[in-house]
Amino acid sequence: MSYLVLARKYRPQKFQDVVGQQAVVRILRNALRRKRVAHAMLFSGVRGVGKTTLARIMAKALNCHHQGEDVPCDHCSSCADIKAGNAIDLHEIDGASNRGINEIRELQENLRFLPISERYKIVVIDEVHMLTVEAFNALLKTLEEPPPHVFFMFATTELHKVPVTILSRCQRYELRRVSLNELIDFFGRIAVSEGVEISDGAMEIIAREADGSVRDGLSLLEQIFSFGGESISEDDLTQVLGLVDSRVFNRLAASLLAGDTGQALTLLAECYGHGMNMKRFSFGILQYLRGLMICKTCRNPTELLDVSADEMTVLRDLTAKYSIETITNVFNIVFSGVDEVGRSSYPRMALEMLFIKAGQAGGVVPLADLLSRLDSMLAAEPQPPAVEGAHSLNDELPLRIKDDYVAGQSNEGRDEVSPLPLEPVQDAAAPLREDISPGGTISHALPAAEAAAPLPGKAASPLKEPQPQSVDKVQEISPPSKPLERDWPGFIGHVKERKRWMASTLQLAEKVDELEGELVIKFDDPAECLILQETDNLKLLTEFAQDFFQKELMVKVTVAGSNGEDGELDKPMEERRALTRDPVVEMVVDTLGGEVSGVRTGPRSR
């Protein structure tokens, strides 16, 4: 008897033997039990997940002589014939070889007759997407209304290539990739049956390399069994199959994240010396970095990562040492260079340069942290001494000016001062005296010496006493608001005392305006105002504006020409700016050593 490879020897023959497709198996068994089997079924999925196997098991179950619920029995004559490939009423067609309209017509003529030895005729078309358009069209009517003794079962790896008219006439079953743990358990049972001992690490490498395909994993297992020996380790896989242990990827990822480029290049040289394919190696490190990103960002990474519990612990330990910005930068650099490594004639050199770039991206500090550090440094700088008598513009409460001459005010404990005239003339060089009352108000009065002195050119005369006023009568006066455009440099200085980087950004503004209670700050380049448009920075800037201009302003940061109304107004300015930045104009200016003094775009200039 000829030798059977593992993929054929351990091919499932009953529903309970199928690996990793419990949902589809449950649907099919319930359909058989309740006699609700569709006349046309389509199995789709990646290679080696059990599409053709399920179609054959379903064919055995439909013609099984056993009448119980647990079908197929795999012991009756019908099951034995299908298993041996001798069933007359089972038509298994390769869609890649028999893809024309003539083959489909011949099949349709055969389906008109009743089955010879079984209850039903079963038609299984593998890789059905390979059929021609004419063959699909010829199959439509028969597929929609087949004879009662005929069942169709299709299998395909490329569902999108099957016409919609075919899909609408079939009951579809999409098979998923088999999980890592299910593959490890299945391959472990096969290794025990074959009398070969494989370490857990080696088995995990084979299952991961299978990428959800049972047949691919069995092919790798077949190759490692042929290597010989009763015990197989991770080193054997590296030597025979050129596969890399996850510990190598862990060390390599840790080196790239830490910026240790020398260690990364050393690991690369070791893997290259073992004959590792550089394209497969680069994809492996990319997959490992993806696992690090998912562990860092997701609350339940086990739902997205198909890894063992031990490897998940290793991933968590590594991600705890680095920020998400560092991991993301390294991943982006490796991701952008993997395709170049696959296309390069010198993949090792390309991969070395890729690791050098990725190593330089380690230890990246987020921009928010840099800004906070800058603010703390600026706050620590010594502030200039305050000028005596100057008022702070950062006062939160409005100032109330109170008349200093209210009836009944006592002058005990100070020299008696004559009251002010009703219309005093103040010298511009003499500052007002400000008395701050306990209630938080500021009382303005002239200095006592000036108040007592007579006006020039007139003799001193006694003044009339002011009319008595109520103590509770206080006149509230709002501080005067400041014109926006004239005091814009002062506002920038006001902001600079509090947020130096914000003041530098405001200096790049192209235009400022006040529209219906809004302070509109326009920039020419969107990149210049991107950080100001953040919610926290915009809120802080609004507080600065209300504090300085003494208005209830709402700050709005826009880009010139971003909306429809301003676009027409800013269009001439943008046109002049574009002409100034024209490459020909810049070349002439650099060559002649001049400068652009003006740009005219009107019809007279043309």
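Predicted model: local features only at pLDDT ≥ 70, side-chain atom pairs only at ≥ 80, totals over all residues.
Residues are numbered from 1 along each chain as its sequence is written. Local features need pLDDT of at least 70, side-chain atom pairs count only at pLDDT 80 or more, and totals for chains, interfaces and linings use all residues.

Five strands form an open, parallel sheet in the order 2-3-4-1-5; strands are DSSP runs of E of at least two residues, helices runs of H or I of at least four, both numbered from the N terminus. Strand 2 (90–94) and strand 5 (171–174) are the edges, each pairing on one side only, where pairing requires at least two DSSP bridges between two strands. On average, neighbouring strands are turned by 15 degrees against each other, direction ignored. Strand 1 (residues 40–44) pairs with strand 4 (residues 150–156) in the parallel sense over five bridges, and Met 41 has Met 153 in strand 4 as its bridge partner. Helix 2 (residues 22–34) packs on the sheet and touches strand 1 and strand 5; its direction makes about 150 degrees with that of strand 5. Such angles run from 0 to 180 degrees between N-to-C directions, with axes fitted to C-alpha atoms, for helices over the stretch in contact.

Asn 63 lies in helix 3. Beyond its neighbours within four places in sequence, Asn 63 is in contact (heavy atoms within 4.5 Å) with Ser 78, Glu 118, Arg 119, Tyr 120 and Ile 122. At 3% relative accessibility, Asn 63 counts as buried (under 20% relative accessible area; exposed is over 50%, partly exposed in between; 1.4 Å probe, protein chains only).

Asp 74, although not a glycine, has a positive phi of about 65 degrees. Asp 74 sits in the loop between helix 3 (51–63) and helix 4 (77–84).

Notes: Heavy atoms only, no water.
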